[in-house]
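Here is a colleague's note to read beside the model. Please keep the sequence and the 3D view open while going through the points.

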Amino acid sequence: MRSSMIDIPPPRGNRWPRLPFNGAPLGVLMMERMGSENRPFIPGDTGNASTWTVPARYKVVPGLSVSRIFAPDAGEMLSTVVEAAKELAREGAQLITCQCGYSIQYQAAVRDAVDVPVFLSSLLLAPFLERMLPRGKALGIMVASKSVLTPDMLEAAGLPASLGRRVAIVGLEDTPAFAESWIRSVGRLDVKAVEKDVVDTAVALVNDRLDIGMLLLECGDLPPYAASVQSATGLPVFDYTSMVEFFIGGLVRKPFTGLI
């Protein structure tokens, strides 16, 4: 008979060995906070643990900031990002994601370095969504900064340049509230003002491109506004939560109940 006792390893010298967290399958890589401390991660944001249907663990990547991940030398952070992901895996994470969609540039290296599924950017949903759309329809992608989104990032997400008008991308870098809070990292978070920026940008895209059939939100700070975007546009809206919760649904299956 298997014992119900759990063995606890003895301490090494004066220190206990690092033990894995139990029951928190979601690991989230985070950037360092910059500027004002008055920008909380509200429910729906990737940085808010209540966003997820399973417990999450967070790991700040030293030196990885908004300005750094937007910079041309962001690739120099690769080894640091990989090590942080390895730590999450060692601690027991069964899925690793990230706060920022531009971390797609680290996707391949992190996936090769750990033995758990890796979804570092909601942009990974783009090829799947594009293939779902009927002919004559396009996928609209809203990003924090369109100028930062390089062809290499799109290719890393599985979006070939040959898609042409099947994909339409719009950025939020010129909006007053979103850009101030999440790109320039200054001031307080005005949730209503950011929501207006996001909704207005989505509506403008849809009005400009009447063939848009779905919307994908790239930034991990955008899911709190997904419902408002959908209400304003009438379109299906996808984001980080769509991607992560899809996998969680397969990770934590529940038996079906009903009548036969």
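**Notes on the predicted model**

1. **Burial and basis.** Buried residues account for 50% of the 260 residues in the protein. Buried means under 20% relative accessible area, exposed means over 50%, and partly exposed is in between (1.4 Å probe, protein chains only). This is a predicted model: local features need pLDDT of at least 70, side-chain atom pairs count only at pLDDT 80 or more, and totals for chains, interfaces and linings use all residues. Residues are numbered from 1 along each chain as its sequence is written, and side-chain values use heavy atoms, with hydrogens and water left out.

2. **Overall build.** The protein has 9 helices and 8 strands. These are DSSP runs numbered from the N terminus: helices are H or I with at least four residues, strands are E with at least two. The C-alpha trace spans about 65 × 60 × 35 Å along its principal axes.

3. Take the contacts in the protein with a separation of 6 or more: 70% of them come from residues 24 or more positions apart. Contact means heavy atoms within 4.5 Å.

4. **Helices H7 and H8.** At what angle do H7 and H8 pack? The angle between helix H7 (residues 191–208) and helix H8 (residues 226–233) is about 35°, and their axes are 9 Å apart. Axes are lines fitted to C-alpha atoms, for helices over the stretch in contact, and angles run from 0 to 180 degrees between N-to-C directions. The crossing of H7 past H8 is right-handed. A crossing is right-handed if the near helix is turned clockwise from the far one by less than a right angle, and left-handed if anticlockwise.

5. **What lines that contact.** H7 supplies Glu195, Val198, Val199, Ala202, Val203 and Val206; H8 supplies Ser228, Val229, Ala232 and Thr233. By class, the contact of H7 with H8 has 7 nonpolar, 2 polar and 1 charged residues. Ala, Val, Leu, Ile, Met, Phe, Trp, Tyr, Cys and Pro count as nonpolar, Asp, Glu, Lys and Arg as charged, and the others, Gly among them, as polar.

6. **Aromatic pairs.** The whole structure holds 3 aromatic pairs. One of them is Phe41 with Trp182: the ring centres are 6.1 Å apart and the planes are at 15°, so the pair is stacked. Rings of Phe, Tyr and Trp (its six-membered ring) pair if their centres lie within 6.5 Å; planes under 30 degrees apart count as stacked, over 60 as edge-to-face and the rest as tilted. Phe41 sits in the loop between strand E1 (26–30) and strand E2 (56–60), while Trp182 is in helix H6, 141 residues apart. Phe41 is buried at 17% relative accessibility. Trp182 is buried too, at 9%.

7. **Asp221.** Is Asp221 buried or exposed? Asp221 is buried, with a relative accessible area of 7%. Its place is the loop between strand E7 (212–217) and H8. Beyond its neighbours within four places in sequence, Asp221 contacts Phe41, Asp45, Gln99 and Trp182. Phe41 and Trp182 also form the stacked pair above.

8. **Leu139.** This residue is in strand E5 (residues 138–143). Leu139 is buried, at 0% relative accessibility. Setting aside residues up to four places away in sequence, Leu139 touches a set including Ala126, Leu133, Val167, Ile212 and Leu216.

9. Pro176 lies in helix H6 (residues 176–183) and is exposed, with a relative accessible area of 60%. Pro176 touches Arg184 and Asp197, not counting residues up to four places away in sequence. Arg188, in the loop between H6 and H7, is exposed at 60% relative accessibility. Arg188 and Arg39 are 149 residues apart in sequence, yet 5.7 Å apart in space, C-alpha to C-alpha.

10. **Pro117.** Look in the loop between helix H3 (107–113) and strand E4 (118–119) for Pro117. Pro117 is partly exposed, at 30% relative accessibility. Leaving aside neighbours within four places in sequence, Pro117 is in contact with Gln94, Leu95, Ile96 and Phe247.
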